[in-house]
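Here are a few exercises to work through with the model open beside you. Try each task before reading its solution.

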Amino acid sequence: MATQLLMPKATAVWLVDNTALSFEQIAAFCKLHPLEVKAIADGESAQGIKGLDPLITGQLSREEIARGEADINHKLKISDPKVRVPETKRKGPRYTPLSKRQDRPNAILWLVRNHPELKDAQISRLIGTTKSTIEQIRNRTHWNSNNLQPMDPVTLGLCSQIDLDIEVERSSRGRPAQPIESGDTLLPASATENLDVQPQVREEDEELDADKVFAKLSSLKGRNQDEDEQ
């Protein structure tokens, strides 16, 4: 891993003020032009820059400075850092294995149908495809449109469910909430508290009529006598 000098111009200011190194040595160590280092020494450049001590940052040792001051042809070497920070990988399109690339059009079709809110750039990030391919599938101009079948990219292994949820959430931000269509709902209390509801009177709660009762008993008694005579 290549080691880069921190704040090269500020380091050059400190070396000019605190060492007897030549302009060429400082310029080579700080990746500057010798004339720029000379301008720093003359006070024509970097007037508002505070010098940075490379000894404190651990990027240069006193022994290395002493060697450079003793030999004008000696090139200063930056010290190995005690803590190595991994280099950040350059962001690029998602890599898709060769065995799964044939499934990308099916995944694109699934995303276009099930998540129309996703933009082409989001779909491209999810499954590593090009915007032209997405546009062809949207417009049904893809060479294999008749044979495409929508398939979940998570099931195909082209992206994770977390990445898909993140992109869907991003596309949903700032969009107005859609009204939810539903059937019959309960009326609010304010609409029902003044309704004139008539309680239903059950048959057993009705007042008994004596004449009706005796008439019914007489008919039953007469029916029983007829049956006995027969």
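Below come the ground rules, then the exercises with their solutions.

This is a predicted model, in which local features need pLDDT of at least 70, side-chain atom pairs count only at pLDDT 80 or more, and totals for chains, interfaces and linings use all residues. Residues are numbered from 1 along each chain as its sequence is written, and side-chain values use heavy atoms, with hydrogens and water left out.

**Exercise 1. Get the overall picture**

Work out how many helices and strands the protein chain has.

Step 1: Take the DSSP runs, numbered from the N terminus (helices are H or I, at least four residues; strands are E, at least two). The count comes to 12 helices and 0 strands.

Step 2: Check burial, where buried means under 20% relative accessible area, exposed over 50% and partly exposed in between (1.4 Å probe, protein chains only). Of the 230 residues in the protein chain, 29% are buried.

Step 3: Turn to contacts, meaning heavy atoms within 4.5 Å. Among contacts with a separation of 6 or more, 63% link residues 24 or more positions apart.

**Exercise 2. Take apart the largest nonpolar core**

Find which residues of the largest nonpolar core touch the most other members.

Step 1: The largest one has 19 residues, and L15, I26, F29 and C30 touch the most other members.

Step 2: Ask who supplies it. α1 (8–18), α2 (23–30) and α3 (34–41) each bring at least two residues, with α1 giving the most, 5 residues.

Step 3: Zoom in on L15. Setting aside neighbours within four places in sequence, L15 contacts L21, I26, F29, C30, P54 and L60.

Step 4: Look at α1 as a whole. Its buried residues are A10, T11, A12, V13, W14, L15 and V16, and their cover includes α2, α3, α4 (54–57) and α5 (62–70).

**Exercise 3. Compare two helix pairs**

Describe how α7 packs on α10, then do the α6 and α8 pair.

Step 1: The axes of α7 (residues 120–127) and α10 (residues 161–172) come within 10 Å and cross at roughly 170°. That makes α7 roughly antiparallel to α10 (the label for angles over 145 degrees).

Step 2: List the contact residues: Q122, R125 and L126 of α7 meet D163, L164, E167, R170 and S171 of α10. For classes, Ala, Val, Leu, Ile, Met, Phe, Trp, Tyr, Cys and Pro are nonpolar, Asp, Glu, Lys and Arg charged, and the others, Gly among them, polar. This contact has 2 nonpolar, 2 polar and 4 charged residues.

Step 3: Now the other pair. The axes of α6 (residues 104–114) and α8 (residues 131–138) come within 10 Å and cross at roughly 65°. P105, I108, L109 and V112 of α6 meet T133, I134, I137 and R138 of α8, a set with 6 nonpolar, 1 polar and 1 charged.

Technical notes. Axes are lines fitted to C-alpha atoms, for helices over the stretch in contact, and angles run from 0 to 180 degrees between N-to-C directions. Angles under 35 degrees count as roughly parallel, over 145 as roughly antiparallel, 65 to 115 as roughly perpendicular and the rest as oblique. A nonpolar core is a set of buried Ala, Val, Leu, Ile, Met, Phe, Trp, Tyr and Cys residues joined through side-chain atoms within 4.5 Å.
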